[in-house]
Amino acid sequence: MAELGSKGVTAGKIASNVQKKLTRAQEKVLQKLGKADETKDEQFEQCVQNFNKQLSEGTRLQKDLRTYLASVKAMHEASKKLTECLQEVYEPDWPGRDDTNKIAENNDLLWTDFHQKLVDQALLTMDTYLGQFPDIKSRIAKRGRKLVDYDSARHHFEALQTAKKKDETKIAKAEEELVKAQKVFEEMNVDLQEELPSLWNSRVGFYVNTFQSIAGLEENFHKEMSKLNQNLHDVLLGLDKQYSGNAFPVKAQPRKKTKLFARLRKKMSSDSTPAKANKSPSPPPDGSPITSPETKTVNHDLEPSTLEAPGASIPKSPSQPAEAAHAGAEAAGSEAAAGAEASKTEADSGSSSLPAVVVETFPATVNGTVEGGASSERADMPPGFLFKVQAMHDYTATDSDELQLKAGDVVLVIPFENPEEQDEGWLMGVKESDWIQHKELDQCRGVFPENFTERVQ
């Protein structure tokens, strides 16, 4: 019988809850349609908005704090592996081996202590702080349901009072239900009206304590870690002094491409050597007549920049026939022919003076840019200047097209004339001291390893 009674009570309670849900649903529909008024409390709604904001911020802080702790743990593992590697490579006969082992142990203990204190003083406090939100959130939702019950009871009582045919029994029962609903709602409402503002204000102190704890723990951790790092630095400094002769040398990247620049420099040097005046030109293989120096044919496809005569005359042998000069003039064209005629006239008269030779000069170019023209380059820098570097180490040139560097030398970097000649890790430039003194690139420029220098401008 007790069993049946228990089942009957349970079934009755379920039916009552179902009826309440239906009544609330109907009330909400009527309120949305504007057929029933809704009790509003703007102050409480603002408290609810603050509560939701506070919960969102706290949840994000908890998530980020867990990520931070995971990072600390990962750094601990990485630091541990690094110190283990140092212990393995540190040979028994090196000075400070015991010190390095002790430093490694203290390093591991320091990371472990830092992580554990973060958990105790930050993460657990964060969990406790957020632990109160679910209960309050549940009570806010329940207050909302009780408010709908109160509005529904109020509307039912008002409807019975305004009905044409009044039933006093129903009115009395409805009034009783209204009073009961109002009491339940107000009790919950009063409690939340007090708790929510207090919870909202507590966030300030909580955030202060949390971040002060994290900052303090970090400060102490880094102080102790700094001491360990200084100790390790001193131990390794002693090792370096004992084995200073075996310092790791800085090496340049190997050059793989053909050194065209060196060959070009040699060719330019050979071309600049003046030919002997009495050396006769070799006859062409096809047997054609030799063109005299006075009537040398030039390439008229290129536009000359100037026409010069001083110092350009070429000695002519007195025994050279005038007819040879005349034949050369006919082959060269009208402009050269005029010079040949003048040569012939002087030869007939026996004069030793020689006519001026027309010499065409062309503008010099660097990377396709005409020197001496409208240039955006600064006047005190070499053409194509890119930036400055300073040598951090001495470098001994291993080829004729390389710059010899001393630590402290400043080099003006310029582009390669042919980008295909540039090797990876190598730059083209001229030492600033050479450029200031000579203002000339052909004999001063050269390539150098980039990793021996540091950019300064």
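## A glutamine and its neighbours

Leaving aside residues up to four places away in sequence, Q62 touches M126, D127 and L130. The structure you are looking at is a predicted model, so every value in this report is computed from that model. Q62 is found in helix α2.

Is Q62 buried or exposed? Its relative accessible area is 18%. Because buried means under 20% relative accessible area, Q62 counts as buried.

## The chain as a whole

Let's step back for a moment. The chain has nine helices and nine strands. It is made of 457 residues, and 28% of them count as buried. The accessible surface of the chain comes to about 30,400 Å², and carbon and sulfur atoms account for 54% of that surface.

Contacts tell you how the chain meets itself. Take the contacts between residues at least 6 apart in sequence: 73% of them join residues at least 24 apart.

Which residues gather in a patch of positive charge on the surface? They are K21, K28, K32, K142 and R145. Two elements give two or more residues each to this positive patch: α1, which covers residues 2-32, and α4, which covers residues 133-162. The element that gives the most is α1, with three residues.

R145 has its place in helix α4. With a relative accessible area of 38%, R145 is partly exposed. To join a patch, a residue needs over 30% relative accessible area and no salt bridge, so the 38% of R145 passes the area cut-off.

There is a nonpolar patch on the surface too, formed by I14, V18 and L22. Together these three residues have about 270 Å² of accessible area. One of them, I14, has its place in helix α1, the helix that also gives three residues to the positive patch.

## Salt bridges within a helix

How many salt bridges does the structure hold? There are 13. Let's visit a few of them.

In one of these, the side chains of R60 and D64 meet, with an N to O distance of 3.5 Å. Both residues belong to helix α2, which covers residues 42-89. They are four residues apart there, so about one helical turn separates R60 from D64. R60 is exposed, with a relative accessible area of 61%, whereas D64 is partly exposed at 38%.

Another salt bridge joins K223 and E219, whose closest N and O atoms are 3.6 Å apart. This pair lies in helix α5, four residues apart, which is about one turn of the helix. Both partners are partly exposed: K223 has a relative accessible area of 47%, and E219 has 46%.

The side chains of E195 and R139 meet in a salt bridge, with an N to O distance of 2.6 Å. Where do the two partners sit? E195 is in helix α5, residues 168-242, and R139 is in helix α4. The two are 56 residues apart.

E195 is partly exposed, with a relative accessible area of 31%. R139 is partly exposed as well, at 21%.

## A lysine in helix α3

Our last stop is K117, which has its place in helix α3, residues 97-131. K117 is partly exposed, with a relative accessible area of 36%.

What does K117 touch, not counting residues up to four places away in sequence? It touches A122 and L217. K117 can also be compared with I214, which is 97 residues away along the chain. The C-alpha atoms of K117 and I214 are separated by 9.1 Å.

Terms used. Residues are numbered from 1 along each chain as its sequence is written. This is a predicted model: local features need pLDDT of at least 70, side-chain atom pairs count only at pLDDT 80 or more; totals for chains, interfaces and linings use all residues. Side-chain values use heavy atoms; hydrogens and water are left out. Patches are made of residues with over 30% relative accessible area and no salt bridge: like charges are joined within 9 Å, nonpolar side chains (Val, Leu, Ile, Met, Phe, Trp, Tyr) within 5 Å. Accessible areas come from the Shrake-Rupley method with a 1.4 Å probe; for residues, only the protein chains shown count as cover. A salt bridge is a side-chain nitrogen of Lys or Arg within 4 Å of a carboxyl oxygen of Asp or Glu. Lys and Arg count as positive and Asp and Glu as negative; His and the chain ends are not counted. The place of a charge is taken as NZ of Lys, CZ of Arg, CG of Asp or CD of Glu. Buried means under 20% relative accessible area, exposed over 50%, partly exposed in between (1.4 Å probe, protein chains only). Contact means heavy atoms within 4.5 Å.
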